[in-house]
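Subject: Handing over the two-chain model

Hi,

Here is the structure I promised to pass on to you. Have a look at it first, and then read on for what turned up in it.

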Amino acid sequence: MSEIDFGSGLMPALIALILVSTFMLLGSKRLYTCVRAFGFQSFLLAVVAAVVAYSTGRSEIYVVSFLTLIIKAAIIPYVFIKISRDIGVKREIELYVNISPSLLIGGLLVVISYYLAQAININTQLSNYALSVSMSLLFIGLFIMISRKKAMTQMLGILIMENGIFLGAISLTYGMPLIVELGIFFDALVAVLIMGIMVFRINKTFETVDTDVLHTLIG
Amino acid sequence: MIKYLLLIPVLTALFCVIARTEKQIQTIGLVGSTATLIVGLTLVIDVFKHGTITTWESMLFADAFSAYLILITSLIGFAISMYLIGYMGRELKDGAIDLKRLRIYYVFYHLCIFSTLLVGVANDLGLWIAIEMTTLFSAPLIAINTKKSSIEATWKYLIICSVGITLALFGTILTYYAAVQVLGEGAGALSWVSLIAVADQFDPTLMKIAFVFILVGYGTKAGFVPMHTWLPDAHSEAQSPGSALLSGVVINCAVYGIIRFHIITSAAVGKEFSSSLLIMFGLMSLVIATPFIIMQRDHKRLLAYSSVEHMGIVALGFGFGGVLGIFGALLHMFNHSVTKSVLFFAAGNIRQKYGTTKIDPVSGIVKSMPYTGPMLVLGGLAITGSPPFGIFLSELTILAAGFMQGYIIISTLVLLLIMIIFAGFFNHINRMALSTPPEGITVGDASKWSLGAMMILVVFVVMLGVYIPPQFSDMIMQVVNIVNVVR
């Protein structure tokens, strides 16, 4: 597979910024900051996709880049802000794991991902780098899901995982066939909408969006 | 043909949106599922007679394995849509749901059927999209109740399955990367066939990691222990038609996804790796489900844990491998789907009559419900693997394969667990079915539609135990040949 020639200096910087945006999310207690960090991360992903599109000359990747920008960097953050305004959720996020240990665990997960990515035979340095960041996002997203109380932050966790996978896909294989990408975007959008409706229902039924209250079904 | 098969459920859902009365919704639903069944069967026969069909630049693809899944989906889907008329009609009359909710239920039910059919015909990468869709479209079927517990179950279902499926996407992408390294970037849409053809050149480490992600990801959806935690909640909190759909149809889709990648991984790194993982998860599911079945107090959760058990058995069958093991596993998928649907239908009738899903307050069903009662006992006998029903035969086949392939200790353990589950499960059924009904329960059964749906499926439960039509076994043999690539 050919190395990306254009932007070979730009790509590592972008990928590093994506990792930084994840830590912004991990290190913030304010819901809006988290949503903004997610939007910023998606924006960076769109730029990565555009760089890949330019350097490989495959025009359908521009479509993917554009869709990322519209759906993940605009619509989904908007939906989030709207939901939290409508149900009047508290701005502060409640955590099971505090900020500083969260950041430490995040760092540890990055190191683990780096070694995992080394285990896989990847022929270029850049892809290897991207893969380790992609796995970091996967694990940090998972960690955010289990360490935050609010239903909305759990949604954010899933979306971060998805962003990680997207980064892996775009930098390893220069994107999947367009129709598949479209399907994945469609699924992400529907997932956010249905989960959004569920957040409303949880709020209406339990008068809170803390997932702490969801613990009656056991055994 | 494939396009029509996918179009019909979508159209049915659309018509349900604009339908005005209860009667219209029910008629549209039934006509839609009948059409799906007919087109589905035609497609199945076509595939088994003339081989693989591909359309739409090979994005859609149906080989024998797909056809087998479509057969199960369209059959169970049809039975459920009959049952829906009786069950939901009663709910509507009782005021448990209103017309708006009924409409939502029908719309999402048919969308869910669409997505499960899409799982069957999606080629390679599209599979992920289809399986994610089954999660999204079936979630509203659980949330149709406004009870707190239903909301909790839906949220768990959405979150846990979305995470699982995201991991599966990562596995899918790694597989795609492995393929791109061999085939070059221009390969475009990859098909199952072209992947298997070059699978032996895949990077083995990459493929192993990919399969682990796929197995954990789709395994979440299939209810393998320890990723099963959402399943008893979702399957028991859904209304009975939804439970039947989840246990009888959706769960098979996830297993189908795993086996598709099991085939590729076997071709790439030899079959020991993925087979032993399947056996491990299968055995764990069986071991963990057993105490929950014995100690269960809720009859719908009982059925849900039984689904965990049976998916474990299916995984074991595929894991043991060989013609016999795979044949048994495939047969077991079919048998489990029909039997479990009958039982969930019975559970729905019981809930509507006794007003509870707990086991303790329910007794004397055979007396109070002259049709549901016997069918519950029959289904209970069948699902626990007693002769002469279908599941007995498929479990026997799988165990025979286990012993033949040299998994003596595991097979003995499985046999033991199945016996314990039989005793525990049937004890519950016994208590519910026999003795006298509590006071205030009058004799009278569910509507003809509900009973009709159950009877159709009971025919398969009974028949497949004593006689497997040669056409049907030929069909399964064709699927076995697809799965059994590394001999």
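Let me start with polar contacts: across the interface of chain B and chain A, two residue pairs are found in polar contact, both at pLDDT 80 or more. Please keep in mind throughout that this is a predicted model.

Which parts of chain B face chain A? Helices α5 (126-142), α6 (148-183), α8 (204-222), α9 (230-237) and α12 (299-320) of chain B each give at least two residues to the side that touches chain A. The largest share of that side comes from α6(B), with 22 residues. By class, the residues on the side of chain B that touches chain A are 29 nonpolar, ten polar and ten charged.

The contact as a whole involves 51 residues of chain A and 49 residues of chain B. The size of an interface is often given as the accessible area lost when the parts come together. Between chain B and chain A about 4,400 Å² is buried, and carbon and sulfur atoms account for 76% of that area. As for salt bridges between chain B and chain A, the count is zero.

Next, the empty space. Rolling a probe the size of a water molecule over the atoms shows where such space is left.

The largest pocket holds about 770 Å³. Its lining has 29 residues, and the closest to the pocket centre are Leu142(A), Met145(A), Ile146(A), Ile160(B) and Val163(B). Two or more lining residues come from each of α4 (99-119) and α5 (125-147) of chain A, and likewise from α6 and α8 of chain B. Here, too, α6(B) gives the largest share, seven residues of the pocket lining. Sorted by class, the lining of the largest pocket has 20 nonpolar, six polar and three charged residues.

How many cavities of 30 Å³ or more does the whole structure have? The search finds nine. The largest cavity has a volume of about 100 Å³. Lining this cavity are 13 residues, and those nearest its centre are Ile158(A), Leu159(A), Glu162(A), Ala191(A) and Met195(A). Both chains take part in the lining: α6 (151-173) and α7 (178-206) of chain A, and α5 and α6 of chain B, supply at least two residues each. The lining of the largest cavity is made up of nine nonpolar, two polar and two charged residues.

Most residues other than glycine have a negative phi, and most peptide bonds are trans. Here are the exceptions I noted:

- The peptide bond from Val225(B) to Pro226(B) is cis, with omega near 5°; Pro226(B) sits in the loop between α8 and α9 of chain B.
- Pro387(B) and Pro388(B) are joined by a cis peptide bond with omega about 0°. Pro388(B) belongs to the loop between α15 (372-383) and α16 (390-404) of chain B.
- Ser435(B) is not a glycine, yet its phi is positive, about 55°. The loop between α17 (408-433) and α18 (448-466) of chain B contains Ser435(B).

Best wishes

Methods
Residues are numbered from 1 along each chain as its sequence is written. Chains are lettered from A and ligands numbered from 1 in the order in which they are written. This is a predicted model: local features need pLDDT of at least 70, side-chain atom pairs count only at pLDDT 80 or more; totals for chains, interfaces and linings use all residues. Side-chain values use heavy atoms; hydrogens and water are left out. Contact means heavy atoms within 4.5 Å. Buried area is the accessible area (1.4 Å probe) that two parts lose on being put together, summed over both. A salt bridge is a side-chain nitrogen of Lys or Arg within 4 Å of a carboxyl oxygen of Asp or Glu. A polar contact is a pair of N or O atoms within 3.5 Å; within protein, one must be able to donate a hydrogen and the other to accept it, and residues adjacent in sequence count only if both atoms are side-chain atoms. Helices (H or I, at least four residues) and strands (E, at least two) are DSSP runs, numbered from the N terminus. Ala, Val, Leu, Ile, Met, Phe, Trp, Tyr, Cys and Pro count as nonpolar, Asp, Glu, Lys and Arg as charged, and the others, Gly among them, as polar. On a 1 Å grid over the protein atoms alone, a cavity is a set of points where a 1.4 Å probe fits but cannot get out, and a pocket is an open set with protein on both sides within 12 Å along at least five of seven lines; lining residues have an atom within 4 Å of a point. Grid points are joined across faces, edges and corners, and a volume is the space filled by probe spheres set on the points.
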